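Welcome, and please open your viewer with selections cleared. We will go from one stop to the next, and at each one you will hear what to pick and what to look for.

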Amino acid sequence: MTASILWSLVLAIHLLGMTAWVGGMIYAVFILRPSLGLLDATQRASVHLQTLARFFRVVWHTMPAVLVTGWLMILHEGGFAAIPWQVNAMQLLGLAMAALFARIYFGPYQKARRAIRPQPALFDSIRSLVTINIGLGVLTILSAAMARGL
């Protein structure tokens, strides 16, 4: 019984992390970004940078938690050879999301952070890459749904 509670907690951490990560990206692209158009350019850049800083801090904590809890569940189920292909697809997509996040963080986000007046093109670059990551996140969720009950 105690083991079942532990694995339920591991799954909950995994799901909460993915929810925060994918949901945060959806919020940033489809809600925040259009709303920033109401501000002048200086305010828009400031709010955008502050929001990204907070969100990226969350992702730096949730991303490793999601990966580690996923691997723990895989090991609990008998290892990488014992899991269905959908779980392997989920793992591959999760690693791709993590790599793309690192590309965003260390690339255009750092340039925007260091700029005296960040240009809109930097934020457009971030938005484009985040949109790709949303697609990967949705595919990851679909992989999880396809693996359900296996």
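Predicted model: local features only at pLDDT ≥ 70, side-chain atom pairs only at ≥ 80, totals over all residues.

To see the whole patch, select Val 68, Trp 71, Leu 72, Leu 75, Phe 80 and Leu 95; together they make about 520 Å². Is Trp 71 buried or partly exposed? Its relative accessible area is 32%, so Trp 71 counts as partly exposed.

Next, go inside. The largest nonpolar core has 30 residues, and Trp 21, Met 25 and Phe 56 are the ones that touch the most other members. Colour α1 (2–36), α2 (41–76), α3 (85–114) and α4 (120–147): each helix supplies at least two residues of this core. Another core, of five residues, lies apart from it; select Ile 74, Ile 83, Met 90 and Ala 147, which are among its members.

Return to Met 25 and show its surroundings. Beyond its neighbours within four places in sequence, Met 25 is in contact with Phe 55, Met 97, Val 130, Asn 133 and Ile 134.

For the last stop, pick Ile 126 in helix α4. Ile 126 counts as buried because its relative accessibility is 2%, under the 20% cut-off. Which residues is Ile 126 in contact with, leaving aside neighbours within four places in sequence? Select Leu 52, Ile 104, Pro 108 and Tyr 109 to see them. Finally, draw a C-alpha to C-alpha distance from Ile 126 to Ile 5: the two are 39 Å apart in space and 121 residues apart in sequence.

Technical notes. Residues numbered from 1 in each chain as written. Heavy atoms only, no water. Core = buried A, V, L, I, M, F, W, Y, C linked by side-chain atoms within 4.5 Å. Buried < 20%, exposed > 50% of the residue type's maximum accessible area, 1.4 Å probe, protein only. Helix = DSSP H or I, 4+ residues; strand = E, 2+ residues; numbered from the N terminus. Contact = heavy atoms within 4.5 Å. Patch = residues over 30% accessible without salt bridge, like charges linked within 9 Å, V, L, I, M, F, W, Y side chains within 5 Å. Areas by Shrake-Rupley, 256 points an atom, 1.4 Å probe, with all protein chains shown as cover. Salt bridge = Lys/Arg side-chain N within 4 Å of Asp/Glu carboxyl O.
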